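Dear colleague,

I am handing over the structure below, together with some notes on what was found in it. Please have it open beside you as you read.

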Amino acid sequence: MSRLLRTGLNAGDSAPMAVVGGEGIYFHLADGRRLIDGSNTGGGLGHRHPAMVEAIRRAADTPVVNEGWTWVGREQAADDLMTTAFKGEEDWVGAVRFCISGSEANDMALSLCQALTQRSALATRERAYHGITGLSRSMTVQPQWHGGLAVHAGGSKLPAPMAPVRILPAPDGAIYGAPANNAPPSEYLADATRLLSDTAATLIDYTQGGIYYDGAYQDEVARCARQAGSYWIADEVVTGAGRAGRWFAFQGATSRPDIVTLGKSLGGGAAAVAAVVVSKDIVERLKGTSWQNYGTLRGHPISMAAVSAYLKVVSEEKILEHVKSLEKLFTRRLLAIAQKHPSVQRVAGQGLHWTVELHGPDWRTWHADTSEVPIASRVAARALEAGAVIGTSGEQTSLFLAPPLVISEHEAEWLLDALDHGLDIADEEHG
């Protein structure tokens, strides 16, 4: 029996596959199989990218410098982030603070907004996931991710919420299965300013629960938040640093956030690192204060080396252009797959992050409080037969595709073929 407590990305109580190694976009398993890593948002450059390995090796020969002391590599990583990823955003972007995880970054950003506004309430959109640490847990409104216990005999034991949370309606930018008459955001967000009137911050992301969008929704939320005196935070933990096919998903609209949170791919898959990037206006507001928020291992020299190396690779290897090119392939193939399989209800995505939602129970009723393996996990298990690992984010009826950004067109076709193969089992059950 394993002595490790774990939570799987695919629901059910079966043991997960045993990974013993990896190279490029592939996992190597204990049973000898080599599988495409098709759902790993933390591995932007895949496994053992030479530039990342070399950067980590050099950094391992440096002292351990905690967040309380100045480290030249940390200053360099901050400069690299601003001059590379935020190039063209100089008129508003101010400064960055590094941390370890996206959950922690969101918690830090939200608590900062509470301190600045002296308000406690927060806001997000329907079906959001922002993490399971501190205030980010309260802002995760997917019912199966609550930070507590899902009892397999039925029911949940939840920790107490840390703040009141207002929930905004979500957009539906699906390429397949979207509503026939999709109303403009100004209509379904008509009450948003009132809803946000007592909130310290409004936190929106671009992928969670299969909700993706560009433009109009972001701009309307930003307008309402500013009118209500609520700071707008763009949660780019998943989409930031290239997965959207540009440096940030928020760049698909005209509005700009007060705060951006980053994580996952920021370390190139080589180190755990995240960041809170604040605007010049917030930097100005922080003058004369000390932000009393500290973490010993934040901005660790190895993490900082990973950030600088990752930014350089994305720029020099033209990763953003590659992702935009593959977005066209995924759009075309996923539309064809959806039309082929009657079990598919909805497909949405952008860049190299896509969600395939199956017909079945409403997501609002799924609490993962059962040992029964849900349909999405069974589809993922069958896709393994065709050579690819596909995750479900613990959902009952949704699968997500998020391969390394360096995946080739041929390998992307292989991943999509595996999904196609896996969906056959959902078709049988759908009838």
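A crossing of two helices is called left-handed if the near helix is turned anticlockwise from the far one by less than a right angle, and right-handed if clockwise. In this model, which is a predicted one, helix 2 (residues 72-85) passes helix 9 (residues 301-316) in a left-handed crossing. On the side of helix 2 the contact includes Gly 73, Ala 77, Leu 81 and Ala 85, while helix 9 brings Met 304, Val 307, Ser 308, Leu 311 and Ser 315. Sorted by class, this contact has 6 nonpolar, 5 polar and 2 charged residues.

A second pair is formed by helix 10 (residues 319-340) and helix 12 (residues 409-430), whose axes come within 11 Å and cross at roughly 20 degrees, which makes helix 10 roughly parallel to helix 12. Their crossing is right-handed, and the contact of helix 10 with helix 12 has 10 nonpolar, no polar and 7 charged residues.

As for the overall layout, the domain assignment gives domain 1 (19-48 + 320-430) and domain 2 (50-317). The contact takes 44 residues from domain 1 and 48 residues from domain 2, and the C-alpha centres of the two domains lie 24 Å apart. Between them, domain 1 and domain 2 bury about 3700 Å², of which 54% is on carbon and sulfur atoms.

Conventions
Residues numbered from 1 in each chain as written. Predicted model: local features only at pLDDT ≥ 70, side-chain atom pairs only at ≥ 80, totals over all residues. Heavy atoms only, no water. Axes fitted to C-alpha atoms, helices over the stretch in contact; angles between N-to-C directions. Helix = DSSP H or I, 4+ residues; strand = E, 2+ residues; numbered from the N terminus. Parallel < 35°, antiparallel > 145°, perpendicular 65-115°, else oblique. Nonpolar A, V, L, I, M, F, W, Y, C, P; charged D, E, K, R; others polar. Domains from an automatic or database assignment. Contact = heavy atoms within 4.5 Å. Buried area = accessible area lost by both parts, 1.4 Å probe.
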